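The structure is shown first, and the description follows.

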Amino acid sequence: MSGKRIRLLIWKEFTQLRRDPLLIRLLLVMPVAQLILFGYVVAVDIRNLATAVVDLDRTVTSRKLEAAFSGSGYFTITQTPRTEDDLRPLLDRGTVKVALVIPEGTQDRLTRGETAPIGIIVDGSDSQISAVGSGYASQIVAQFNADRREASGVAIEAPGIDARVRVMFNPTLDPVNTMIPGLIAAIMMISLMVIMSQAVVKERESGTLEQMFVTPIKATEYLIGKLTPYAALATAQMLLVAAGGLFWFRVPFNGSVWVVLVGLTLFMFTCIGLGLLVSLVSRTRHQAQQAVMFIMIPTMVLSGFIFPIQSMPAIIQPLTNLIPLTFALQVLRGAFVKGSDFAALAVPMLALVGFGVVIFGASIVATRRRIAE
Amino acid sequence: MPALPTTPAPPPGADAIRARGLRRTFGDTVAVDGLDLDVPTGAVFGLLGPDGAGKSTLIRMLATVLAPTAGEATVFGHSVVTERDAVTPRIGYMSQRFSMYPDLSVAENMEFFATIRGVGRADRRTRARQLLEGMGLDEFTTRQAQFLSGGMKQKLMLATTLMHRPDLLLLDEPTTGVDPVSRREFWRILAGLHADGRTVLVATPYMDEAERCTHIAFLDGGRIRQHGTPDEIKAKVPGRLLEVTAADPRAAMAVVDGVAGVTSAHLLGDVVRVLWDGAGDPAPTLASALAAAGVRDVGVRPVAPDMETVFAYLADPSTRAADAEPEVAAS
């Protein structure tokens, strides 16, 4: 092992990066664009859900409940149909995303101390809205009950929907708070897989890999020299996203930096391994791109990065355990939002260790064999 | 000739390359088919043969970048399979494709590969300057390799290959796609290396280049069909060579091909190269046959055989079938 040769390779890699202005721009623009995309677009959309209210009770209580919804900022009451039958077309056309139905006699039931069921219908075609929207609604209803209990001193059962679990860790239910930690892991995965696999395939395409074989360089030296610059780049990108999240979007950070660092380092090995495997099966940079897409799409869909795992069909849910990003998200979101420690995150941490050992190990063995061939 | 610094060359006499039963397959395709080869130290050994003959595969195995399927090969007595670390420092390999970093400059590429090969800093500087000046590349040291012309790219690869003073150069079609002036220059550099006592194994599709080699081998179907010095190879073509000119060379070729005594007739430019193995004086026989067939402006003259003709003769399946077996084993 020669430190001199490794340093030379790293210098070469950075020199080549410097000569590729498009790539540098991409490396900077990608995290920023994704921050805006996932930070702003997601946040704004969920904030003003078009809501219909069917008030069949027409009492002080029902109007208070309505006011609680519209005053929350999450729901904007745009429609007030007279009957429940009028709701369906509104939801069908997407005019409203959420509907609140307050049945006749709600106030009477509450005064009698009974549970008063109310209906909350959420547009399920958008799982993001359905999960977050129902979460907000439950929270508002729970708050409404608490206020009433306080005001009257009469014990009232929660009406139908239990909101306590959902709102416990993320009281504002702001999706940015879970999106940004997730984005840190996702950026690392995209960056390492795309850029690293491209860099390795490029070397094979240009014939320089073969030229490298005739030199005394060892497979291990080559790998370290090749991986280090891209691990450093991915780290810089992650820091950019983390800084943007913490200082611009004011995402609260409740956990330990060590938990985040250990989780990300473990996940990084998996990402490097995947990038290397992609570069092994690809002859051209174009093929590498397609292979990355082949991995990224199920990863984004199944990891819970965009769609909550709880909203997936029961048969699909076990599949999410095969996606490394799933566990990276659990660690990061756990640390950011809940302030979870190592003990609480033992399962996802161990899963990341497992993925790292298997994927990184396999890719190193395969690459060494390919280089040694 | 460029001034290339000299180092003690390996002692002459011993074989630089020795291969026995070397074989390489890709799936069902046999690229190199149990080949024997001996390249004496100090030789400029030309590897001739049509596309797909197995030239590149052979060179890549000798350069240790491709493992043989069977057989063995040694370079300066070291196995290319089990003793790679002893082989690679002494060889320079120039692949058929341009294999420098396109986005690094001429100087950076040379610096990179020389440093990886452990050439010292001071040595790198003087040697790079000498090589670049010798090859007329010194004006382009800061230019990125991708913006060099075809000939300059090849020269950059050769210069990079020479940085660590290899005793054996393995060159895979180094002058393909290079203009004639650059080709001549390239061979001048090789001649300098030869004078320096270094061994060169060069694959080439150009027959005129074969004449500049001290030894040549004709490769086809993964085997060496003929080998020897250029004169020995030429002597293998039986009969006499004649050049026929005519107003319509194609018609002339068709006529000549049917004359008894003619072994083969090939069109080279606008002259017909005729190989005569019959009895009597071929010139009048051919002239009268052409006149009888009504071909106008006929001229027939005997010429000395050159590699172009030898190659055409050896590569022609009809003549080869009669000639090739028994296989000529390199010894």
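## Strand pairing in chain B

B:Ile17 has B:Val75 as its bridge partner in β4(B). Strands are DSSP runs of E with at least two residues, helices are runs of H or I with at least four residues, and both are numbered from the N terminus. Strand β4 of chain B covers residues 70-75 and pairs with strand β1 of chain B, residues 15-26, in the antiparallel sense over five bridges. Two strands count as paired if DSSP finds at least two bridges between them.

B:Val75 also stands opposite B:His78 in β5(B). Strand β5 of chain B comprises residues 78-79, and two bridges join this strand to β4(B) in an antiparallel arrangement. The hairpin of β4(B) and β5(B) has two residues between the strands, and B:Phe76 takes a positive phi near 50° there.

## Basis of the model

This is a predicted model, in which local features need pLDDT of at least 70, side-chain atom pairs count only at pLDDT 80 or more, and totals for chains, interfaces and linings use all residues. Residues are numbered from 1 along each chain as its sequence is written, while chains are lettered from A and ligands numbered from 1 in the order in which they are written.

## Contact between the chains

Chain B contributes 25 residues to the contact and chain A contributes 18 residues. Two residues are in contact if their C-beta atoms, placed from the backbone, lie within 7 Å. On the side of chain B that touches chain A, the elements giving two or more residues are β6 (91-94) and α3 (106-116) of chain B. Of these, α3(B) gives the most, with five residues.

By class, this side of chain B has 14 nonpolar, six polar and five charged residues. In this classification Ala, Val, Leu, Ile, Met, Phe, Trp, Tyr, Cys and Pro are nonpolar, Asp, Glu, Lys and Arg are charged, and the others, Gly among them, are polar. The model scores ipTM 0.71 and pTM 0.71.

## Overall organisation of chain B

Chain B contains twelve helices and 14 strands. Its C-alpha trace spans about 75 × 45 × 40 Å along the principal axes. Of the 331 residues in chain B, 47% are buried. A residue is buried if 20 or more other C-beta atoms lie within 10 Å of its own, exposed if 12 or fewer, and partly exposed in between, with C-beta atoms placed from the backbone. Among contacts in chain B between residues at least 6 apart in sequence, 70% join residues at least 24 apart.

## Domains

The domain assignment of chain B gives domain 1 (15-234) and domain 2 (238-304), with C-alpha centres 39 Å apart. Chain A is divided into domain 1 (3-42 + 175-372) and domain 2 (48-167), and the C-alpha centres of these two domains lie 42 Å apart. The bounds come from an automatic or database domain assignment.

A:Phe267 is found in helix α11 of chain A, residues 257-281. This residue counts as buried because 26 other C-beta atoms lie within 10 Å. Leaving aside neighbours within four places in sequence, A:Phe267 is in contact with A:Ala185, A:Met188, A:Pro324, A:Ala328 and A:Leu352. On the same exclusion of residues up to four places away, A:Met188 touches A:Ala234, A:Met238, A:Leu264, A:Phe267, A:Met268 and A:Cys271.

## Confidence

The predictor's confidence in each residue is its pLDDT, from 0 to 100. Chain B averages a pLDDT of 84, with 91% of the residues scoring at least 70. Among the elements of chain B, helix α12 (residues 317-323) has the lowest mean pLDDT (49) and strand β8 (residues 199-203) the highest (95).

Chain A averages a pLDDT of 81, with 89% of the residues scoring at least 70. Among its elements, helix α7 of chain A (residues 164-167) has the lowest mean pLDDT (30) and α11(A) the highest (91).
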